[in-house]
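Take a look at the model below.

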Amino acid sequence: MKICEIEKHLGAKALTCLGLLDRDVTSACGSDMMSDVLAFVKDQAVLLTGLVNAQVVRTAMMMDMLCIVFVRNKKPTQEILDLAEENGIVIMTTDKRMYDACGILYSNGLNGADING
Amino acid sequence: MADVLKLHFDVDGDDFTSAGEASADVKKRLRLMGYDPEIIRRVSIAMYEGEINMVIHAGGGVADVSVYPDKIEIVLEDKGPGIPDIALAMSEGFSTAPDTVRSLGFGAGMGLPNMKRYTDELHIDSKVGEGTKVTMIVNT
């Protein structure tokens with residue numbers, strides 16, 4: 001699924017790296033606990049979260065993720081947006097709740113992936 | 001040895017926002033040096049968890065990274081409260097972090113287990129009331 005299709009499916013608004021919306025992603029995960037993302041996620045390019053701070057972007061950077069979706073209409077600060085822009089990570093916001101946002105993407109073919117053991 | 005790259009970072013304990021800057025810097029350098037992406041991922045995640053731990057628990061510290069021809073060594077040292085029971089601290093899910101830290105997305109008791117998960121060697125030397133030294137090695 002292309003990142004721009006995620007934006008469309010979720011009625012989201014992309015805020016950073018608008019030139020990268022054509023990139024393909026093959027899996028996603030949803031979590032508010034960055035510790036769990038660092039522990040259990042592998043090869044997942046999209047992070048859906050309701051947590052808004054700079055460490056969400058840093059976690060995505062460490063995990064080589066391409067896109068962060070802030071759910072529940074959470075608004076990232078300019079500092080967060082700048083960090084994402086500098087590091088080539090698309091940030092978007094949606095008013096969907098976590099469960100709904102994950103379900104919409106999953107039902108449109110964007111799967112999770114095996115837990116990293 | 002001329003072919004050892006050494007990097008030193010001060011990790012600010014008062015600024016949660018900047019935690020991870022050192023790990024991000026190391027990740028960029030290793031990428032420029034042409035390391036395998038999986039090696040880079042393991043090093044950067046393990047170091048990032050260590051950085052976060054130093055900020056959460058110890059008021060910051062210092063990080064030293066040495067890039068040898070056959071391995072990458074990360075040494076994190078702090079003058080925090082120390083770890084009374086290292087075996088307990090290594091258990092997944094055990095955490096002494098306050099709720100304020102959990103609200104920031106960390107403190108789930110996965111830090112040290114993750115550092116062990118992503119490295120080939122993990123050594124922890126800790127004295128209560130004096131501080132903690134964590135040494136991690138990723139073979140390349």
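In what order do the five strands of the open sheet in chain B lie? The order is β1-β2-β3-β5-β4, with antiparallel pairing. Strands (E, at least two residues) and helices (H or I, at least four) are DSSP runs, numbered from the N terminus. Two strands pair if DSSP finds at least two bridges between them. β1 (5-12) and β4 (121-127) of chain B each have a single partner strand, so one side of each is left without a neighbour in the sheet.

This is a predicted model: local features need pLDDT of at least 70, side-chain atom pairs count only at pLDDT 80 or more, and totals for chains, interfaces and linings use all residues. Residues are numbered from 1 along each chain as its sequence is written, chains are lettered from A and ligands numbered from 1 in the order in which they are written, and side-chain values use heavy atoms, with hydrogens and water left out.

β1(B) pairs with β2 (residues 60-67) of chain B over eight antiparallel bridges. There, B:Phe9 has B:Ala63 as its bridge partner. Helix α1 (residues 21-32) of chain B packs on the sheet and touches β1, β2 and β3 (71-78) of chain B. Contact means heavy atoms within 4.5 Å.

Now turn to the interface. Chain B brings 30 residues to the contact and chain A brings 24. Three salt bridges cross between chain B and chain A (a side-chain nitrogen of Lys or Arg within 4 Å of a carboxyl oxygen of Asp or Glu). A:Arg58 forms a salt bridge with B:Glu21, with the closest N and O atoms 3.7 Å apart. On the side of chain B that touches chain A, α2(B) gives the most, with seven residues.

Technical notes: Axes fitted to C-alpha atoms, helices over the stretch in contact; angles between N-to-C directions.
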